[in-house]
Amino acid sequence: MSGRIVSREDPVQSERHSEAGSVAPPSKVGVPPRKNAWEEFKSVVNETFFSDQPLRHFKDQPKRKKVALFVQGLFPVFQWGRGYNFSKFKGDLIAGLTIASLCIPQDIGYAKLANLPAENGLYSSFVPPLVYAVMGSSRDIAIGPVAVVSLLLGTLLSQVYDPVKEAEEYKRLAFTATFFAGVTQLALGFLRLGFLIDFLSHAAIVGFMGGAAVTIALQQLKGLLGIKNFTKKTDIISVMRSVWSNVQHGWNWQTILIGVSFLVFLLATKYIGKKHKKLFWIPAIAPLTSVILSTFFVYITRADKDGVQIVKHIDKGINPPSLDQIFFHGDNLTKGFKIGVVAGLIALTEAVAIARTFADLKDYEINGNKEMMALGTMNIAGSMTSCYVATGSFSRSAVNYMAGCSTPMSNIVMACVVLLTLELITPLFKYTPNAILASIIICAVIGLIDIDAVILLWKIDKFDFIACMGAFFGVVFDSVEIGLLIAVSLSLFKILLQVTRPRIALLGKLPKIAIFRNILQYPGAKRIDGILMVRVDSSIYFSNANYVKERILRWLADETEKLKDQSLPIKVVVIDMSPVNDIDTSGIHAIEGLYSHLQKKEIELALANPGPVIMEKLLAANFDKLIGEDNIFLSVNEAIKTYAPNAALDP
């Protein structure tokens with residue numbers, strides 16, 4: 001079956017024969033050396049898990065140097081610490097002090113968002129940053145609790161234990177979830193499975209973060225308005241119903257005055273910092289300034305006696321050990337594991353995105369897998385020292401970057417300030433009003449709503465916009481879990497849609513040049529009489545093989561219908577395989593079926609420019625013998641020079 005089934009009257013074949021003397025023989029498509037099963041398996045594993053060649057630095061190095069490189073790889077502090085000097089320390093000191101002034105009030109507020117004692121928020125900005133500074137590769141990321149993860153933990157943990165009535169069990173489950181969040185992150189880094197977090201698309205993340213920001217802000221209405229009896233649900237309808245049902249007797253005007261006044265102040269300083277980059281330190285110190293002023297105001301006026309809710313008590317001292325509080329058996333182990341995996345993945349996605357953003361700004365590289373191992377290790381250590389899930393904070397990292405940090409030393413400086421706060425200052429937070437913490441959180445999460453990104457999604461990709469809005473409304477109108485589920489589902493659905501329905505283009509030849517392009521993109525591209533040229537813009541797998549075959553046959557039927565009154569029907573189908581980087585047995589079977597179908601209609605099939613992987617598999621399936629070796633061409637132009645020499649043009 002290697003010959004062509006073409007009638008004597010075939011105009012295409014006649015033209016080919018008449019011009020045979022003037023057409024150079026087509027070049028043969030290169031065939032890569034055949035690999036055995038072990039070599040092929042090793043190649044796939046290396047490309048999937050070790051594409052960054054992590055051991056390249058060890059090549060041709062003496063044993064002592066290899067040990068030093070291994071230690072530096074595991075603990076980057078030994079790498080950046082060698083060239084550390086006073087000039088760098090000065091920048092890190094200023095940056096560390098600046099982010100410390102921002103993190104202290106935020107930590108107290110985020111702990112309340114997670115339904116945990118305020119001190120646990122401060123603990124989470126002490127131990128984890130120290131561990132990350134030793135193991136992390138990002139110079140700019142600032143570690144600590146963040147709003148979205150705090151909300152997620154608070155929501156998921158509250159479904160198991162009541163944070164008020166079962167406070168001890170609730171806290172233990174939080175430590176258990178933190179432990180397994182760290183284990184998840186460490187495992188993904190160690191097993192080099194970091195690519196899994198890329199399955200959550202940018203559009204879904206934008207929608208999820210925006211929805212979470214709205215939900216967090218709505219939750220703060222309790223503290224901002226001084227409402228005591230507030231719903232435990234997070235959807236916007238339940239929250240607004242709870243707010244308005246308390247409007248007559250539940251709102252406290254003193255609380256509203258404090259909260260709204262300082263919220264306006266915080267938003268004003270944020271605006272100033274955004275407009276004048278050199279004044280970044282103003283919005284950075286504004287939260288701590290607000291806490292100091294509001295605490296002093298409540299203390300001298302004793303507004304707490306008039307219904308203004310205050311923090312009341314924060315335990316003094318550094319992190320107490322909590323290893324014995326982690327659930328390592330029973331039902332709570334499973335529950336903690338499930339919550340930890342979800343929280344760990346969200347925290348990981350946020351931290352890696354932040355680290356990559358600032359690495360691009362400063363033009364240095366970070367190792368994603370090492371980042372995951374560092375984040376995992378710090379959360380495991382944190383779970384054993386009364387911390388809950390910590391990750392990179394975008395607002396603090398931005399301040400860290402603008403303050404001139406040079407190394408992760410800024411995290412150490414911040415941790416030292418938090419340590420001093422825990423040892424000396426926590427009793428002073430007794431009269432801090434909850435309203436000011438609500439104002440700080442609202443101001444912080446506003447930045448998570450990225451309107452510009454949503455507009456860009458609408459302009460670029462409508463499906464991305466739908467995914468974004470789906471995740472957003474899922475969080476706002478139902479819950480964080482539903483929003484997250486929608487975000488993941490829509491991300492996976494888009495992948496499946498792109499895999500199962502790849503783009504297939506109908507090609508035409510550009511005037512006066514031997515280049516063939518999509519006729520929809522280039523209306524001036526001309527079709528070649530008697531030849532149907534198509535390009536498959538995807539790998540051909542079991543999931544799309546039949547679609548590719550049926551789409552080509554449908555185009556053939558359409559073209560045949562258009563040309564039925566003309567003397568030159570379609571006699572050759574040329575498939576440009578340039579974009580096809582892989583094919584499986586189902587794909588080969590589909591092309592064989594296409595070939596058989598075309599043969600019955602006395603139409604020839606030609607392949608143009610199949611890649612090395614494609615050629616290797618086609619040869620293994622003896623497809624070259626079925627179709628004929630002379631029907632596999634180096635390019636579409638080579639095929640056209642063979643089948644329609646007068647229409648081809650040498651480049």
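This is a predicted model: local features need pLDDT of at least 70, side-chain atom pairs count only at pLDDT 80 or more; totals for chains, interfaces and linings use all residues.

Student: OK, so why does D582 count as buried?

Tutor: D582 has a relative accessibility of 19%, and the cut-off for buried is under 20%, so D582 counts as buried.

Student: What does D582 form a salt bridge with?

Tutor: With K617, and the closest N and O atoms are 2.8 Å apart. D582 sits in the loop between strand 6 (572–576) and helix 24 (585–600), while K617 is in helix 25 (residues 612–620), so the pair ties together parts 35 residues apart in sequence.

Student: And K617, is that one buried or partly exposed?

Tutor: Partly exposed, because its relative accessibility is 27%.

Student: How many salt bridges are there in the whole structure?

Tutor: The search finds 10. One of them joins R396 and D107, with the closest N and O atoms 3.5 Å apart. That pair links distant parts of the chain, since R396 is in helix 17 and D107 is in helix 5, 289 residues apart.

Student: Are R396 and D107 buried or exposed?

Tutor: R396 is buried, and D107 is buried too.

Student: Which residues are linked in a network of salt bridges?

Tutor: D461, D464 and K494. Within that group, D461 pairs with K494, and their closest N and O atoms are 3.4 Å apart. D461 lies in the loop between helix 20 (451–460) and helix 21 (462–477), and K494 lies in helix 22 (residues 480–500), so this pair ties together parts 33 residues apart in sequence.

Student: Buried or partly exposed, for those two?

Tutor: One of each. D461 is partly exposed, with a relative accessible area of 24%, but K494 counts as buried at 16%.

Student: Switching topic: what's helix 14 like?

Tutor: Helix 14 covers residues 281–301, so that's 21 residues. From its first C-alpha to its last it reaches 30 Å, close to the 30 Å expected at 1.5 Å a residue.

Student: Where does helix 14 bend?

Tutor: At P287, by about 35 degrees.

Student: Why would residues a few places apart end up on one side of a helix?

Tutor: An α-helix has 3.6 residues a turn, so residues three or four places apart point the same way.

Student: Now aromatics. How many aromatic pairs are there?

Tutor: The count is 14. In one of them, F358 and F394 have ring centres 5.9 Å apart and planes at 35 degrees, so the pair is tilted. F358 is in helix 15 (residues 331–362) and F394 is in helix 17, so this pair ties together parts 36 residues apart in sequence. F358 counts as buried at 4% relative accessibility, whereas F394 is partly exposed at 44%.

Student: Which residues do ring pairs link into a cluster?

Tutor: F179, F180, F328 and F337.

Student: What about the strands, how do they line up in the sheet?

Tutor: 6 strands form an open sheet in the order 4-3-5-6-7-8, with mixed pairing. The edges are strand 4 (516–518) and strand 8 (632–633), each pairing on one side only. Strand 5 (residues 531–536) pairs with strand 6 in the parallel sense over 5 bridges. The bridge partner of M533 in strand 6 is V574.

Student: Last thing, what does the chain come to overall?

Tutor: It has 27 helices and 8 strands. Buried residues make up 50% of the 651 residues, and the C-alpha trace spans about 105 × 70 × 55 Å along its principal axes.

Note on methods
Residues are numbered from 1 along each chain as its sequence is written. Side-chain values use heavy atoms; hydrogens and water are left out. Helices (H or I, at least four residues) and strands (E, at least two) are DSSP runs, numbered from the N terminus. The expected span of a helix is 1.5 Å times one less than its number of residues. The bend at a residue is the angle between axes fitted to the seven residues ending there and the seven starting there. A salt bridge is a side-chain nitrogen of Lys or Arg within 4 Å of a carboxyl oxygen of Asp or Glu. Buried means under 20% relative accessible area, exposed over 50%, partly exposed in between (1.4 Å probe, protein chains only). Two strands pair if DSSP finds at least two bridges between them. Rings of Phe, Tyr and Trp (its six-membered ring) pair if their centres lie within 6.5 Å; planes under 30 degrees apart count as stacked, over 60 as edge-to-face and the rest as tilted.
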